[in-house]
Number of protein chains: 2
Amino acid sequence: MNLSDLDTPALILDRQRLQANIARVSARAKSLGVDLRPHMKTAKCAEVARLATAGHSGGITVSTLKEAEYFFEHGFADITYAVGIAPAKLARAAALQAKGARLSLVTDNLEVAREIGIRGADLGATFEVLIEVDTGDGRAGLDLESDDLVAVGRALEEAPGAALRGVLTHAGQSYDCRDIKSIVAVAEAERAGAVQAAERLRAAGLPCPVVSAGSTPTAIHAGNLDGITEIRPGVFVFQDVFQAEIGSCALTDIAVSVLATVTGQHPQRAELVIDAGGLALSKDRSTAAAPRDVGYGLVTDSHCGGDLPEMHVARVSQEHGIVKLANGAGEAPPFARLRPGTRLRVLPNHACFTAAAYEGYHVVDGASETPDEVVGFWPRVNGW
Amino acid sequence: MNLSDLDTPALILDRQRLQANIARVSARAKSLGVDLRPHMKTAKCAEVARLATAGHSGGITVSTLKEAEYFFEHGFADITYAVGIAPAKLARAAALQAKGARLSLVTDNLEVAREIGIRGADLGATFEVLIEVDTGDGRAGLDLESDDLVAVGRALEEAPGAALRGVLTHAGQSYDCRDIKSIVAVAEAERAGAVQAAERLRAAGLPCPVVSAGSTPTAIHAGNLDGITEIRPGVFVFQDVFQAEIGSCALTDIAVSVLATVTGQHPQRAELVIDAGGLALSKDRSTAAAPRDVGYGLVTDSHCGGDLPEMHVARVSQEHGIVKLANGAGEAPPFARLRPGTRLRVLPNHACFTAAAYEGYHVVDGASETPDEVVGFWPRVNGW
């Protein structure tokens, strides 16, 4: 099968770029002396998880219990569910543990910690828990100085249905950085904060074997990770235009793209219409805050090449994408080369969101002698 | 089963609100003397389509061929695929016609029209086609004065593999209106433009039995639809916060919501964390341009009631939603009433995008004596 046989829109994964992205971060984790526990919320795909865990402990990170169940069925037993647990989900977590999974749950809340202990005892389970701490992201996590840090640790250790496994943080503020030096500083704040939280627990006589940190930018640019035991980057496997804009990769590293077809031309507005709209690309607008704003995606030729003038998906509705020249007030796309039926590839703003609209990946080896050959279809898990 | 038995996030559909929304637009279509051909891109669900077509011709509108195939399997034979057709999709359309579907395809491009005729002959099919015209939306469609209008009509009528079925337009600029008077004016521009295009075709000796128009705002507010044969609103079945903001409905008409659970509290930032983030709510930011900007959704209590101070989902990451008081610089949500584990319902900015993340709808009758009882699960079709 070839790319030309696929219905559009379709999600394309370049395996060679994927492997190179993984090799780069895997080597960094090794050189920094930490385990790589890749966050599978981006790929949600067992084939990608096998590549991303090779040479490391085999542990993974997930963002939903449905992912945890899927990956356990595909041979991954050591799973950190890195989103604060809602107590009503504990029965489902216990059921997965009863099948043999080693789950690590996360909370930043004393009430939830107590509830985990009580429900664990009721369910005949021992829930291992990481305490989430905030190293500057301001999304979730206890403040590093919070009295609740030791209180949560103690509540978990003292309850028969729970156990303290360590601390976890995510320096998501790295996404706000616009130069490498700032990312290095965020990575150090993430490292130092996580280690500080671990030391506070240990000083209180509590165990803290796991000190878990990491976003894609901080994993790639961290100067050292002393005291950290594992990193959990996610989007690094695919990368995207936003990551390229903040210095995590080059545009030519982006491994996922949306194959689309030109369906109309509107010379009076200097616009093309393609059949990839807001559902096919997602409505993520990450690059609105980046140096280069590519709208809903950066348009390339059918081989993700740079053979066309720079074009963006400027507007979307549900199934329509409106393509314009990037810097082209008044300038028109090359209509003669982009007749209706022409295939294009759109590089996503944010790979995690774009990929979520699809059942799986059509896999190609883009730098091979047969870049159009679809060598496989790798399913992904969606939903909750 | 009750709402409290559902894992969160979950998509909830209030059947009573759905039925009332449908009854209102169905009655309007009848009083205006047009067929209601509901756009199923919003609900993508056979149960909703059965309710939305009752009392009308039974024809529906879809945005993908996958929807067309799904609805045909569920008993809907008369289907308009209202997105400009890519020629490579014609074989799939022909296969559906061969099973008995009456498809209407759409184009605004002379090259594509010729290709449809050629491919129809090759495939042994006759493709019925609506010519899309632009009545002010600026997304797709031929200009009303374009020479291509008659040329496309003639190309279709003269080809053995194609037939001209009429004209189609969508006045999406109604979404930019902020008062009813403006929407009435857009509805009239949509009506008059579609009729003008039909008259041009007829004056050229071409047939034009179908004159198809309509968005939810224009369907609801049109003064008259003389010359129009059918309307194709979509989001009216569910409505959403954006539609409420532009006067298409009241907030209490919104029939879909996302059931979510509080997972954390951050009093120092006056924020709650819920387990519905950017995937569960979508990253649609329609209300950014509305009088009331509700971020990623308007937060209500577990019965979609107004018993709480107005709160929005102010920020999202993939599985985290950050909830803040709407007007509350410095004011905090009622933390004591919103402990971790508390269930909330989030009304979506844009129902079409929020619903697309789910496999189906958990159905309740919200105004009944048992508003928490889940009376059914209605699957939906996603993807392409």
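Reader: Which strands of chain B does α6(B) lie across, and at what angle does it run to β7(B)?

Author: In this predicted model, α6(B) lies across β6 (127-132) and β7 (162-168) of chain B, and its direction makes an angle of about 145° with β7(B). Helices (H or I, at least four residues) and strands (E, at least two) are DSSP runs numbered from the N terminus, while axes are lines fitted to C-alpha atoms, for helices over the stretch in contact, with angles from 0 to 180 degrees between N-to-C directions. Residues are numbered from 1 along each chain as its sequence is written, and chains are lettered from A and ligands numbered from 1 in the order in which they are written. Local features need pLDDT of at least 70 and side-chain atom pairs count only at pLDDT 80 or more, whereas totals for chains, interfaces and linings use all residues.

Reader: In what order do the eight strands of the open sheet in chain B run?

Author: Two strands pair if DSSP finds at least two bridges between them. Here the order is β2-β9-β8-β7-β6-β5-β4-β3, with parallel pairing, and β2 (35-36) and β3 (60-62) are the edge strands, each pairing on one side only. Within the sheet, β4 (residues 78-81) and β5 (residues 102-107) of chain B pair over three bridges, and D78(B) stands opposite R102(B) in β5(B).

Reader: At what angle do α5(B) and α6(B) pack?

Author: Angles under 35 degrees count as roughly parallel, over 145 as roughly antiparallel, 65 to 115 as roughly perpendicular and the rest as oblique. The axes of α5(B) and helix α6 (residues 148-158) of chain B lie 9 Å apart at an angle of about 5°, which makes the two helices roughly parallel. Residues including L110(B) and I116(B) in α5(B) meet residues of α6(B), among them V152(B) and L156(B), where contact requires C-beta atoms, placed from the backbone, within 7 Å.

Reader: How many residues does the contact take from each chain?

Author: The contact takes 48 residues from chain B and 48 residues from chain A, and β10(B) gives the largest share of the chain B side, four residues.

Technical notes. Two residues are in contact if their C-beta atoms, placed from the backbone, lie within 7 Å.
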